[in-house]
Amino acid sequence: MRIRLTLLPILLLLASCGPSSGDGPISVAIIGTPESLFQQSVRLSPGAQHLRAATFEGLVSLDPGGQVVPALAERWIVTDDGLSYIFRLREGNWPDDQEITAADVRRLLRENIRRLRGTSLGLDLGKVEEIRAMTGRVVEVRLSAPMPDFLRLLAQPELGFVKSGSGAGPMVVSRDEDGPLARLSALPPETRGMPAREDWEAIARPLYIQPLSTTEAVAAFSRGDVDLVLGGSIIDFPLAEAGPLSRGTIQVDPAMGLLGLVIRKETDLLADPARREALSMAIDRSALIQPFGLGGWQASTWIVPPGLFADSQFPPQRWPELSIEQRRETAAARIRAWEAQSGEDAQISVGLPDGPGSDLLLRQLADAWATIGVSVERKAPGEGAEIELRDAIARYSSPRWYLNQFHCALDAGLCSPDADALVRQSLTEPDPAERERLLAEAHAELVEQEVYIPLGAPVRWSLVRGSLRNYLANQWGLHPLFPLSQPPT
């Protein structure tokens, strides 16, 4: 896949420095490494996701609030049985001046789905049964069973279309060959099947995007050099409060997803689900988040948030009848029994990325596990830790997204073939109640196997200049760049 790029004049790059005045270029820093912004693989960094969503439209996209809006498809209908999505494509051309046709979209969507096989997003697309080009501008996607969140899935950046190395917008990117700075320009409305505007050049604001470390991004925002910082997580959240930020605001997304510890090795202390449960029981999740000062954070002791199951099959928290002191007493007894039987001291290694948030997490986890007699060794991710941090934003609000993150095919940690089989069975189950029962049973199986130690919802934060328009915090952690270039409606 290629991205159309042009060499920016040095003077143009220099002009991008400094904050916007409300009608000039907008400067955006995305937390990440220089090489992360232009990633082109099936697993994209946050920066690459934002850039791809801005330049490679799919059938639909997301607005600033995270709602599904038209993209290449100008409208659509869903059949009463929820099995057929019929899209009417907008009139327009690809960047190579060839007409956008249903045959193109059918081929490109099939290619995207095939490319994503072997990823969790590929598993999420498991209900796609058939893609048909019905007429020149009408495409039908048929599912094996209803999926209310299917449009949100189609709006993911990885499902944007690439034709002849380019995308259909709504923006075009150019970059300096000697650095990671990128310039995004909004395409004129007429190239996107909309009425032309004579004042387009005056009202459409260019965006300058640069990947920076958290420290660099916060410092640039504090100096007034950038208008928006994206891509913050719990790993670097303590840095968001550094510096004089009176000219901007920390925005924390009400994010959905996974923040917890995945079990990478089923050996020694971690060989028994009861001892893995002991580690989870010992954590006081309300105390865990206190050093971060994050109000409203949603702690969890389950893999799937219980509210996503319609029939309240799981209580709000596990072990509701036990206080934290009783939980730790039970957990400590299990650890002592293992030490007596094995003749070893209880110790585990935890993989965490560098960052002040990781330091806080490790300190809180080490204190919690010390109460049950377990000591902690820290390792970097990928260095063979027995437990590693899992931090992922949900793509859609269904139990299936959470369950797919632990599919055995992903080789991401402990898993359950039985849970995978139940999720696979749900893909073709027409009855909603039976589908939910299958997913709940799969969740119960993963919990019983203690494949994961949940902590709560993931944390995503941004720094937003007060003058910036068309930015909204949302639960999906994606903030479309195209609306930032547009005048207020």
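This is a predicted model: local features need pLDDT of at least 70, side-chain atom pairs count only at pLDDT 80 or more; totals for chains, interfaces and linings use all residues.
Residues are numbered from 1 along each chain as its sequence is written, and side-chain values use heavy atoms, with hydrogens and water left out. Local features need pLDDT of at least 70 and side-chain atom pairs count only at pLDDT 80 or more, while totals for chains, interfaces and linings use all residues.

Empty space was examined first. Rolling a probe the size of a water molecule over the atoms shows where such space is left. A pocket is an open set of points on a 1 Å grid over the protein atoms alone, where a 1.4 Å probe fits, with protein on both sides within 12 Å along at least five of seven lines. Lining residues have an atom within 4 Å of a point. A volume is the space filled by probe spheres set on the points, which are joined across faces, edges and corners.

The largest pocket has a volume of about 1400 Å³. Its lining holds 42 residues, and Leu-44, Asp-391, Ala-392, Ile-393 and Arg-460 are the closest to its centre. Strand S16 (387-393) is among the elements that supply at least two lining residues, as are helix H2 (46-55) and strand S18 (460-465). Helices (H or I, at least four residues) and strands (E, at least two) are DSSP runs, numbered from the N terminus. S16 gives the largest share of this lining, six residues. By class, the lining has 19 nonpolar, 14 polar and nine charged residues. Here Ala, Val, Leu, Ile, Met, Phe, Trp, Tyr, Cys and Pro count as nonpolar, Asp, Glu, Lys and Arg as charged, and the others, Gly among them, as polar.

The second largest pocket has a volume of about 900 Å³. Of its 41 lining residues, Ser-61, Val-69, Pro-70, Pro-170 and Phe-482 lie nearest its centre. H2, strand S2 (60-62) and strand S3 (68-70) each give two or more residues. The largest share, four residues, comes from H2. The lining comprises 24 nonpolar, 11 polar and six charged residues.

Helix H12 covers residues 356-370. Its 15 residues reach 21 Å from first C-alpha to last, close to the expected 21 Å (1.5 Å times one less than the number of residues). Buried residues (under 20% relative accessible area, 1.4 Å probe, protein chains only) in H12 include Gly-357, Leu-361 and Trp-369.

Ser-286 is found in helix H10 (residues 285-289). Ser-286 counts as partly exposed because its relative accessibility is 48%, between the buried limit and the exposed one (over 50%). Its side chain makes a polar contact of 2.7 Å with that of Asp-284. Such a contact is a pair of N or O atoms within 3.5 Å; within protein, one must be able to donate a hydrogen and the other to accept it, and residues adjacent in sequence count only if both atoms are side-chain atoms.
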